[in-house]
Structures are given as structure tokens and as C-alpha cells.
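Please keep the structure in view while reading.

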Amino acid sequence: MTTLQKTPGAAESRASRESRESPENPEATDTRGTHGSPNSPDSPRTAEAAPRRRSTATPLTAGLLAALLLLALLSAGTGAYGIPLGDVLSSVQHRIGLGGHALDRTAESVLWNIRLPRVVLAVLVGASLGCAGALMQGVFGNPLAEPGVIGISSGAAVGAVGAIVLGLTFLGNWTVSVCAFAGGLVTVLLVYAMSRSGGRTEVVTLILTGIAVTAFAGALIGLFLFFADDAQISQITFWQLGSLAQATWPKVLAVLPCALVGLAVAPFHARRLDLLALGERPARHLGVDVERLRIALILVVALLTAAAVAVSGIVTFVGLVVPHVLRMANGPGHRFLIPGSALGGAVALTAGDLAARTIAAPAELPLGVLTALIGSPFFFWLLRRTRRKQGGWA
């Protein structure tokens with residue numbers, strides 16, 4: 001046994017090892033790194049790959065910000081009433097007191113009362129859905145997770161459909177949005193309460209409970225549709241397909257607090273999500289209160305998603321595809337992934353809304369249908385690519 005313990009790793013004498021490991025020998029670290037395993041933190045391959053992976057976050061962020069700014073300006077000027085890009089910039093500068101000049105009355109009204117509220121709402125909804133998707137995938141430890149897994153979207157749909165069919169108008173034009181928001185939050189709380197047992201929740205139980213509650217919500221929506229008249233069915237269908245056509249500044253102000261709170265809180269959980277990726281048991285040993293983290297993040301996801309769905313209807317695949325793409329581009333670290341997914345979601349939904357308005361002009365395609373048409377085959381391609389290159393998700 002003594003001989004086995006000394007070979008082969010201890011073939012050298014103790015004096016030789018101490019000499020190599022002493023601070024006086026500057027080549028000691030390099031020697032160990034050269035002979036280390038490829039997966040060792042000291043190996044040259046890892047040492048070279050780590051800086052390269054970290055460095056991609058800056059150009060990715062810059063690229064996403066530039067794309068978002070360009071798409072926002074393009075979307076603000078594109079439509080049945082065209083406004084040149086220079087005029088858009090000049091009007092914005094004039095409004096914020098940085099020079100420029102005001103446009104004619106019609107152009108100012110189109111830009112500030114129709115186009116810009118829609119652009120800002122697309123940015124907020126896209127950022128909320130993208131960030132919520134990244135958080136869900138971190139909580140569940142699965143890149144296929146998205147906010148709809150725990151029934152947020154279906155619960156919001158029940159709230160909206162119920163308000164339409166029952167003819168609720170206690171908040172005027174806000175009634176449907178408020179009921180959708182409340183429905184999403186209530187559904188999440190219901191799923192969590194039903195999944196909790198012995199003071200703990202498990203990922204598998206959350207998923208299965210979410211599937212069951214989603215199915216029940218679908219049955220309720222079908223029941224409401226059975227009793228709805230033609231006008232209500234048309235309104236329900238329009239809401240479920242997803243659209244930003246009804247964007248106004250009051251709707252922007254309604255979403256803004258929820259989006260800002262969720263987007264501000266989410267990055268503070270990045271380190272704990274990285275530890276949770278090691279597994280629940282290792283994360284607990286490293287000081288992470290897994291149950292408390294899961295509760296906090298599910299509430300943040302519910303806040304972001306319910307607010308977004310309440311004003312836009314059902315918009316799919318943004319929270320699923322965007323974090324997946326950024327994870328492949330920059331790795332699984334949540335320090336970049338969470339804010340990056342918010343930026344990526346804003347870019348994706350701004351581009352999607354612009355396409356929905358212009359592809360079939362003067363008609364407008366439903367935004368949710370367009371994101372599903374583009375997102376589903378793209379996501380399937382990503383899965384095939386990942387499986388082929390990595391033998392599955394790594």
C-alpha cells in the first residue's frame with residue numbers, strides 16, 4: 001500500500017517536490033500546468049480559454065446595444081407615414097433639449113403618440129421576457145425551460161379571457177390587462193403552493209404541477225370561449241395571438257415599474273445561480289439557500305412575465321431562444337447571461353414587431369405568431385447543432 005501511494009505521482013523525492021513547489025522556483029506553477037489535465041484550472045488550454053470567453057461579453061454587449069438603438073430608430077421612422085431617420089433624431093433631440101427641431105404637426109403626432117410608445121413597449125416586453133427566460137433556465141438547470149413552464153402565460157390568458165367574456169369593465173380599458181397580470185401571479189403562487197412539500201420544492205414537481213395547471217387553464221379558456229359571442233371571440237383571439245398594436249404611453253408606464261424592479265433585482269442573483277448550476281447539494285454546501293433562491297427568482301419571473309403578457313398577449317420563444325443563443329456564444333455564466341438576455345430579448349422583440357408591421361403592409365401580422373414561426377425552427381436548429389457538436393447540452 002505504501003508503494004502504491006508513492007507511485008506514480010510521488011516518484012520524485014520529497015526534497016525534490018518541495019524544491020519545485022517552493023516560492024523560490026518561479027517555474028513551479030508552469031511545470032504543474034504543463035503536466036496538468038486538460039480540464040484542470042491550471043492547464044494552458046483552460047487558462048487560454050477563460051480570458052477569451054470573458055472577452056466576448058464586451059463585444060456582445062456593445063453589439064446588442066448598437067443593434068437595439070438602430071432597430072429602435074428604424075422602427076420609429078418606418079410605417080405607412082414614413083419619417084426620415086434624421087428627422088426622428090432631430091425630434092428626439094428637440095424634446096430632450098439637445099438642439100434639433102420639431103417636425104410638422106402630423107409627423108410629431110405619429111412619432112410621439114404611435115411609434116415611440118410601441119418601440120418602448122417592445123423594448124420593455126422583450127427585455128422582461130428575455131431576462132425571465134434566463135432566470136427560469138437557471139432555476140431549473142435546463143436550457144429548455146421558459147416562463148410558460150410554471151403556467152404564467154396560461155394563467156394570464158385565463159385572467160384576460162375571463163375579463164372579456166364576463167364583460168368586466170371596473171377599470172375601463174385597463175381591465176383586461178390588470179386581470180391578465182393578476183391571473184399570471186395567482187397561477188404562479190398556486191403552482192408553487194401545490195409543489196411545496198415538507199418545506200421544500202423540487203424541480204420535477206414544479207414542472208409537473210405547472211403542466212397540470214396549464215392544462216386546467218386551457219380547459220377554462222375553452223369553457224369561456226364556448227359561452228363567448230362572436231365579438232368576444234374575435235377580441236380573445238387577437239389577444240392570444242400577441243400584438244403591440246394597442247401600445248400607448250399609459251401602458252408603457254404600467255409595465256415600466258414591474259420591468260425595472262425585475263430587471264434590477266435579477267443580476268444580484270447571478271453568482272448564486274452559477275453555484276446552483278453545480279447541483280442543489282453542492283450549492284447548499286457552498287452556502288446557497290436553494291429554497292429561498294428559488295422562491296425569490298420565481299417571484300421575479302412572475303412579475304416580469306405577467307406584466308409583459310398583460311400588455312402584449314402571448315408572445316412565445318423570446319424567453320426560450322435568446323438565453324440559449326447567448327449561452328452558446330459566451331458560456332453559461334449568469335453575470336453576463338441575465339443582462340445580456342434582457343438586451344437580446346429587447347432586440348428580438350423590436351425586430352419582430354417591425355417585421356410584423358411591414359412584412360404584410362398595410363395589414364399587420366400577429367406578433368406572437370411571427371415569433372413562433374421564426375423561433376421554433378431556429379430553436380430546433382440550435383438543438384441539432386448543440387447535439388452534433390457537443391453530444392448534447394453541456
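In which helix is Ser153 found? Ser153 lies in helix H8, which covers residues 152-165; helices here are DSSP runs of H or I with at least four residues, strands are runs of E with at least two, and both are numbered from the N terminus. The model is predicted, so local features need pLDDT of at least 70 and side-chain atom pairs count only at pLDDT 80 or more, whereas totals for chains, interfaces and linings use all residues. Residues are numbered from 1 along each chain as its sequence is written, and side-chain values use heavy atoms, with hydrogens and water left out.

Ser153 is buried, with a relative accessible area of 19%. Buried denotes under 20% relative accessible area, exposed over 50%, and partly exposed the range in between, with a 1.4 Å probe and protein chains only. Leaving out residues up to four places away in sequence, Ser153 touches Gly148, Thr305, Val309 and Ile314, a contact being heavy atoms within 4.5 Å.

The protein as a whole has 18 helices and 0 strands. Of its 394 residues, 43% are buried. Among contacts between residues at least 6 apart in sequence, 73% join residues at least 24 apart. The accessible surface is about 20700 Å², with 64% belonging to carbon and sulfur atoms; the areas come from the Shrake-Rupley method with a 1.4 Å probe, and for residues only the protein chains shown count as cover.

The buried residues of H10, including Val203, Leu206 and Ile221, pack against several helices, among them H7 (105-140), H9 (175-195) and H15 (290-312).

Attention now turns to the nonpolar cores. Such a core is a set of buried Ala, Val, Leu, Ile, Met, Phe, Trp, Tyr and Cys residues joined through side-chain atoms within 4.5 Å. In the largest one, of 63 residues, Leu121, Leu135, Phe140 and Ile150 touch the most other members. H7 gives the most to this core, with 13 residues. Beyond its neighbours within four places in sequence, Leu121 contacts residues including Leu244, Val255 and Val311. A second, separate core of 19 residues includes Ala157, Ile164, Trp239 and Ile314.

Side chains of opposite charge can pair when their charged atoms come close. The whole structure holds 8 salt bridges, each a side-chain nitrogen of Lys or Arg within 4 Å of a carboxyl oxygen of Asp or Glu. Arg118 pairs with Asp353, the closest N and O atoms being 2.9 Å apart. This pair links distant parts of the chain, with Arg118 in helix H7 and Asp353 in helix H17 (residues 334-358), 235 residues apart. Arg118 is buried at a relative accessible area of 9%, and Asp353 counts as buried at 2%.

Why are Glu280 and Arg284 separated by about one helical turn? They are 4 residues apart in helix H14, and therefore about one helical turn separates them. Glu280 is partly exposed at 24% relative accessibility, as is Arg284 at 35%. The salt bridge between Glu291 and Arg294 has its closest N and O atoms 4.0 Å apart. Arg196, Glu280, Arg284, Glu291 and Arg294 are linked in a network of salt bridges.
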